[in-house]
Amino acid sequence: MLFPEIVIAGCGNPLFADDGFGPAVIEEMHNLSLPDNVMIIDAGLGGPHFIFTLLDPEVTKKLIIVDIADYGAEPGSITKLRVEDLPPGAYRDAHSWDLAEPLQRIKDRVDITIIGVQPARVTAPEFEEGLSDELQKAIPKTIRVILETIGVDYGTTINLQEERRQRGTAETCSSPESR
Amino acid sequence: MSKVVEISPTTRHEGHSKMVLKVNDQGIIETGNWCSITPVRGVEKLAVGKTPEQVPKIASRVCGICPIAHNLAATEAMEASIKCEIPKDALMLRHILQLANRLHSIALHDILILPDLYLPGTEVKINPFTAEEPVRTVAKRIQRLREIGQTIGQIAGGDCIHPRNTRVGGMYRNCSDQAKIKMYDLAKEALPLAKAQMDLMIAILRNYQARESVDVGGMKVALPKTLGYHNQGYLATHAFYGSSSLEECPSWDIERFKEVRPWDWYMGEMEVSLEEPRYPIGGTTKIGTKTNPQMEACTGIPMYDGQPVEVGPRARLAVYKGYDEKGTVGQNIAREMEYTDCLYEMIDCIDALNPNGKVVADYIPDGDGALGWASNEAPRGTDVHIARVKDWKVQYFSMLVPTTWNFATCSAALTGAPWQLAEVIMRGYDPCVSCATHMIVVDEDNKVVAQKLIQ
């Protein structure tokens, strides 16, 4: 089977500034060693057709989607959403995949959590690389939320007290020198 | 008296586009314009000054469904500019990755076109999501083929969507012996499935072709025997993979290529004068709506020898294997025929792969500013990237993506067809229009509906 029991997908496009938050979280999570039943994927824009429509509910029990979500909060705020919270059509990617709402189809058989972070700046259709400071800082918090959601205790690897004191970027928080 | 009908957005393909059709009293298309309405700008500008390692990563983000073709074409354009030849085993891994992506893509395309087609012997159109047999078995087979494609791609490319294993100068790492065996087993498993799927799809497509008329949203539409015919010629650069050298691939010469602006090619401002609410998924655009394909089209029109050309599976089969069936059905059948071709080639590449061989070039030059190009035969056609690298910095970068080639060609192929079948013709090209952002908007009024704020 392609996908294991727990799938964590970072969605979004790094060419549109904060839209790259999901892939940036996954990039950061590659520095962690995770249990064998967990797969982390930089889904880019391909979530609906490369992942959501390919999950086997017999095998995959939990899907976590990390993405930006505009819900009118302060930039960098994190929220957990269920598929029911999304209006129909909200998660169709940019693709006219009208056949089905893939998440709606599997939501009763796979436990789906959407971790949405309020963006500060999305530049589409103009390309711009790099996250805003608020979202850069939200990466460690988001990872902690993800790890809590899948029941992995990483308190010793990501030292949150240090993180709070330093106010650094994700790179500095996870680099060996800063620990 | 001609009338204007607009289908916007078009559905069951990747990306956002629309069709503006000038039709006669019988509803036959006189002039058809199919254009991308997704503005994606500035990749060329963004790439300048970056290192050759960064640009393929940027290029792979332009599209959500063909990141592999873009990644490979951009990497190889850099290698062509710096004149770096990669080891054979690295090339084999790239071939496997690319073919695995194609396997997934053909299977996905089956799901997208099946709702246009009929179960042979019945008047029932196929819903690939139904739980009823025989469609259920077919859907499961399609899913397994997609899954195998993605798994093999993941092994060869390091990640199944945005490959992490490719690099300028080769690949980061070779695969293990076990991984090679696993890829081989999966490809062997896929072969009979692909054969069965190909035979079934060809039978379904032939059944469609033989019909006098078809149903579109409750309208009975006469099916022309020349559905999707055009005289625009074909362009392909390799039977499977791609090329970055004119000696190796004389059929793509950058000197013979030119790009013109859409306003030379598309119709100007018009008003929609025909509306059909029964047309599937919300009907066509309302009467009186202003439309202006010249100004709204977001792509240039690439020309080869002064004419738009067709790229994709039929072009590959026509150029390299003497395939000659025209029209939409011929195009879809060509794509189905690539199922088994793609797996036989993949098995050959896996056979040829030495897991102990080196996969990075011994010497990777910094580049002297020479112009390099690389084509990659993406599932939906020739993807050409052009680059200039000097002192390990990209000075120039440009992408000619497959569907851009096909926009004008498909527009020409619309002429003479009933307007209700315009999308059927368009889907034959398996179009992938560059993607935009896809932020979730939780509530239109920006109201906080999230129940549980965490931080």
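This short talk walks through chain B, from its overall build to one of its sheets.

Hi everyone. A word on the ground rules: this is a predicted model, where local features need pLDDT of at least 70, side-chain atom pairs count only at pLDDT 80 or more, and totals for chains, interfaces and linings use all residues. Residues are numbered from 1 along each chain as its sequence is written, while chains are lettered from A and ligands numbered from 1 in the order in which they are written.

Let's begin with the whole chain. Chain B has eleven helices and 17 strands; these are DSSP runs numbered from the N terminus, with helices being H or I of at least four residues and strands E of at least two. The radius of gyration of chain B, taken over C-alpha atoms, is 22 Å.

In chain B, four strands form an open, antiparallel sheet in the order β8-β13-β14-β15; strands pair if DSSP finds at least two bridges between them. Which strands stand at the edges? They are β8 (242-243) and β15 (393-400) of chain B, each with a single partner strand, so one side of each lacks a neighbour in the sheet.

Further in, nine bridges join β13 (residues 368-378) to β14 (residues 381-390) of chain B. There, B:A378 stands opposite B:G381 in β14(B). Thanks, everyone!

How values were computed: The radius of gyration is taken over C-alpha atoms; the globule rule is 2.2 Å times the number of residues to the power 0.38.
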